[in-house]
Amino acid sequence: MPLMCSLQTILVGDSGVGKTSLLVQFDQGKFIPGSFSATVGIGFTNKVVAVDGVKVKLQIWDTAGQERFRSVTHAYYRDAQALLLLYDITSKMSFDNIRAWLTEIHEYAQKDVVIMLLGNKADVSSERAVRTEDGASLAREYGVPFMETSAKTGMNVELAFLAIAKELKQRAVQPLDEPHFQIHDYIESQKKKSSCCAFS
Ligand SMILES: Nc1nc2c(ncn2[C@@H]2O[C@H](COP(=O)(O)OP(=O)(O)OP(=O)(O)O)[C@@H](O)[C@H]2O)c(=O)[nH]1
């Protein structure tokens, strides 16, 4: 299978929402429970995924959510083609901060960056502080796709990254006058499928 393109994706959101855990789950298929060790600065992982018969290399940058690293991470926004913006469904504050994150993204990232909103820690339903419909409605307001994920169980983790890879790959190969791949429709159809079938 030929390697088609290399794409840069960046994970952002408040400290502790689960950015590193999401990336570890996607890359290694595991969740490391226990004490929380905040990311210092920035790290990255390369992951090759197959999209419609071609290989796409995702270079995924994992940023530190802590305020004191903000100027370091801004520098990486510029080169990103996609951005996964996370909040924690058990933290209302992390959700309330999403608007501020989006303001920063619009200031520093490329105009056509693909943004996806993720409500992580969906496995911790007993401590839920943000309703699914509130996440969906904020995403609609900004015109970005949305899903809830769990870095612990793996729920929707692969789907989030593969939807991004598919969107970016389509943008890279598709002439502008052809009908565009619809990331929202794709995610909804895959969410319905995933309750019964493997991702394809
Ligand atoms: N139950 C549950 N815990 C999670 C999930 N994702 C992350 N955690 C836990 O939340 C804590 C913070 O996770 P990290 O992945 O380090 O968070 P981060 O967003 O990378 O934090 P910074 O590096 O400071 O920006 C850790 O204790 C994780 O084990 C999840 O989906 N479910």
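Two residues are said to be in contact, or to touch, if their C-beta atoms, placed from the backbone, lie within 7 Å. This is a predicted model, in which local features need pLDDT of at least 70 and side-chain atom pairs count only at pLDDT 80 or more, while totals for chains, interfaces and linings use all residues. Residues are numbered from 1 along each chain as its sequence is written.

**The whole chain**

Begin with the protein chain coloured by secondary structure, where helices (H or I, at least four residues) and strands (E, at least two) are DSSP runs numbered from the N terminus. The protein chain has seven helices and six strands, and along the sequence these follow the pattern β-α-β-β-α-β-α-α-β-α-β-α-α. Of the 200 residues in the protein chain, 38% are buried; a residue is buried if 20 or more other C-beta atoms lie within 10 Å of its own, exposed if 12 or fewer, and partly exposed in between, with C-beta atoms placed from the backbone.

Select Ile164 next, which is placed in helix α6. Because 26 other C-beta atoms lie within 10 Å of Ile164, this residue is buried. Leaving aside residues up to four places away in sequence, Ile164 touches Thr9, Ala82, Val114 and Met116. For Met116, a distance can be drawn in the viewer: the C-alpha atoms of Ile164 and Met116 are separated by 8.0 Å, although the two residues are 48 residues apart along the chain.

Which residues touch the most other members of the largest nonpolar core? A nonpolar core is a set of buried Ala, Val, Leu, Ile, Met, Phe, Trp, Tyr and Cys residues joined through C-beta atoms within 7 Å. The largest such core has 48 residues, of which Leu11, Leu83, Leu85, Met116, Ala160 and Ile164 touch the most other members. The largest share of this core, eight residues, comes from α6.

The ligand is surrounded by 21 residues, and the closest are Ser15, Gly18, Ala38, Thr39 and Gly65. By class, this shell holds seven nonpolar, 10 polar and four charged residues, where Ala, Val, Leu, Ile, Met, Phe, Trp, Tyr, Cys and Pro count as nonpolar, Asp, Glu, Lys and Arg as charged, and the others, Gly among them, as polar.

Helix α1 (residues 19-28) gives the most to the shell around the ligand, with three residues. Seven of the 10 residues of α1 are buried, so this helix is largely enclosed by the rest of the structure; the buried ones are Lys19, Thr20, Ser21, Leu22, Leu23, Gln25 and Phe26. After α1 comes Gly29, whose phi is positive, near 65°.

From Ser21, move to Ser150: the two are 129 residues apart in sequence, yet 9.1 Å apart in space, C-alpha to C-alpha. Ser150 lies in the loop between β6 and α6, and counts as buried because 22 other C-beta atoms lie within 10 Å. Not counting residues up to four places away in sequence, Ser150 touches Asn120, Lys121, Ala122, Asp123 and Met155.

Lys121 is found in the loop between β5 (114-120) and α5 (132-142), and with 26 C-beta neighbours inside 10 Å it is buried. Most residues other than glycine have a negative phi, whereas the phi of Lys121 is positive, near 70°. Asn156, in the loop between β6 (146-148) and α6 (157-173), also has a positive phi, of about 60°, although it is not a glycine.

**The hairpin**

Finish with strand β2 (residues 42-51) and strand β3 (residues 54-63), which pair in the antiparallel sense over 10 bridges; two strands pair if DSSP finds at least two bridges between them. Ile42 stands opposite Thr63 in β3. The two strands form a hairpin with two residues between them, and Asp52 in the turn has a positive phi of about 45°.

Note on methods:
A residue is near a molecule or strand if its C-beta atom, placed from the backbone, lies within 6 Å of it.
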